[in-house]
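Visitor: Please show me the model. I would like to ask some questions about it.

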Amino acid sequence: MSKKLIYADHAATTPLMPEALEAMLPFMKEEFGNPSSIHSWARKPCEAVCEARATIARCVNADPEEIFFTSGGTEADNWVIKGSEGGMLVSSYEHHAVLNAAASEAGCGRDIVYVRPKVGSGGGYIMPEKLAKAWRDGVGLVSIMTANNEIGTVNPIHLLSDLAHKRGAFFHTDAVQAVGHIPIDVQEMGVDFLSASAHKFNGPKGIGFLFIRKGVKLEPLLNGGQQENGIRAGTENVASIVGMATALKINCERMDENIAHLENLTLRLRDGINRIFPYAVYLGGGGTAQLPGFISVSFPGCTAEGLLHMLDLKGIAVSTGAACDSKNTKISHVLKAVNVTKDIALSTIRITLGAENTIEDVDGIVFALKLLRGKAKLPR
Ligand code: PLP
C-alpha cells in the first residue's frame, strides 16, 4: 500500500485549483489569439483578460484600471521599489523580493531606512510607533508586508499606511501571503500599491498583479506595446491571467469556510504537538493576527533541517523558513529580525496548511512527529 503524501508547505506554493486549470485550458488550445489583434481571434482572449481584471479588482475592492498584471510577486515588488522616488522605509523582515530590490536602489544612492518588527512575546509585527520612530526626512515610499512568509504574522496595514500618508509618503504592501487567504480591501488598508502572486492562492505560477492606486505615478516597468496601459508592455499571459482570476474569485467566495477549517486544523495540530513536545516554542501571533493554517514552531535541541528531511522520508512536506532559503542553514533574516536565539532559530520549522488538508493529514503529521520522538531522533 502506498503511503499517503501530506503537503503542508502552502506558504511556498499551493496546488493549482481544478477550476482554475479548466478555465485556463481553452486559452492554451483553441483560443490562442493575441488579445491585441484586430481580427476575431482576439475577441475571446481580450474579453477574458478584461473580465479577469474586473474579477480581481472586485476581490480586493479596487477599480479594474488599478490592476496591472505581472509575472508574479517578485516582479510586482521590484516594480514598486525601483519605479518609485525618494527615500524608502522598509521593514527588515520583508521577502527578499523587496529587500534585495531596496538594496539595489541603495547601491544607486537612494536612502533606505529599515524598521524592525516588535520582538519578544507577541512579537513579529511592525507597529506604527516603530515606524514613526524610524522616520527620516525625504521618505517617499514605505513598504511593509501584509503578512510575513516565515512566521505568518499579519500587520496592522491601515494604521501604518495612515501614518505614511500623514507624513507625505506613498505606501506599498507585499500581500503575496495574504491575498486569497484573508480579506483584502485596498480602500480599508489605505495602500497605494499592493503586490500579489497567483501560485500562493491556488492559481498558476509565473503570474501575479500589482494594484496601483489611480492617480499615483509609478515609472513604467517594461517599455514596448500598449499592454497594461503602456506601463508594463508585453503580450498578456492570457491563460494564466484567467487561471489567477478564477482561483482568487473562488478562494474569496470560500474564505470564511476555509478560515474556519484551517483554524480548526491549526488548533488540532498545536494540541497534538504540545502533547508530544511540551517544550515546543511557537513564533508569530499565536492565534491573533496570524495567517490561517500557519504554524512556525521550534523544537529546541533538534535541527530543523534534520526534522524536515525525516518528515520528507515519511511523505510529509514542511519547510524551514522561506522556500528560497531552505537550502541555507544560516539563520534566516526574519528569525534574526524577531530576535530569536540561535538554538530556537535553527530548530524552527514552518507548517503551512491549505484548504485541501484534512484532519487525517494533521493527525498524520502528529503521528510522524511522535514516531520520530519515539525513535529518539527528537529530544524528549
Ligand atoms: N513576497 C512574499 C511575501 C513571498 O512569500 C514570495 C514568495 O515566496 C514573494 C514575494 C515572491 O513571489 P513570486 O514567487 O510570485 O515571485
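Visitor: Is Phe-277 buried or exposed?

Guide: This is a predicted model, where local features need pLDDT of at least 70, side-chain atom pairs count only at pLDDT 80 or more, and totals for chains, interfaces and linings use all residues. Residues are numbered from 1 along each chain as its sequence is written, and side-chain values use heavy atoms, with hydrogens and water left out. Buried means under 20% relative accessible area, exposed over 50%, and partly exposed in between (1.4 Å probe, protein chains only). Phe-277 has a relative accessible area of 0%, so the residue is buried.

Visitor: How does Tyr-279 count: buried, partly exposed or exposed?

Guide: Its relative accessibility is 24%. Therefore Tyr-279 counts as partly exposed.

Visitor: How many aromatic pairs are there?

Guide: Rings of Phe, Tyr and Trp (its six-membered ring) pair if their centres lie within 6.5 Å. Planes under 30 degrees apart count as stacked, over 60 as edge-to-face and the rest as tilted. By this rule, the count is 4 aromatic pairs.

Visitor: What kind of pair do Phe-277 and Tyr-279 form?

Guide: The ring centres of Phe-277 and Tyr-279 are 5.7 Å apart. Their planes stand at 70°, so the pair is edge-to-face.

Visitor: What kind of pair do Phe-277 and Phe-299 form?

Guide: Here the centres of Phe-277 and Phe-299 are 4.9 Å apart. The planes meet at 65°, so this pair is edge-to-face.

Visitor: How many residues apart in sequence are the parts that this pair, Phe-277 and Phe-299, ties together?

Guide: Helices (H or I, at least four residues) and strands (E, at least two) are DSSP runs, numbered from the N terminus. Phe-277 lies in the loop between α9 (255-276) and β9 (281-283). Phe-299 lies in the loop between β10 (294-298) and α10 (304-313), so the pair ties together parts whose separation in sequence is 22 residues.

Visitor: Which residues do ring pairs link into a cluster?

Guide: Phe-299 counts as buried, at 1% relative accessibility. Ring pairs link a cluster of Phe-277, Tyr-279 and Phe-299.

Visitor: Which helix gives the largest share of the shell around the ligand?

Guide: A residue is near a molecule if one of its heavy atoms lies within 4 Å of it. In total, 13 residues surround the ligand, and Gly-73 and Thr-74 are among the closest. The largest share, 3 residues, comes from helix α3 (residues 73-83).

Visitor: How far is an oxygen atom of the ligand from an N or O atom in the side chain of Ser-197?

Guide: A polar contact is a pair of N or O atoms within 3.5 Å; within protein, one must be able to donate a hydrogen and the other to accept it, and residues adjacent in sequence count only if both atoms are side-chain atoms. For Ser-197, the distance to the ligand oxygen is 2.6 Å.
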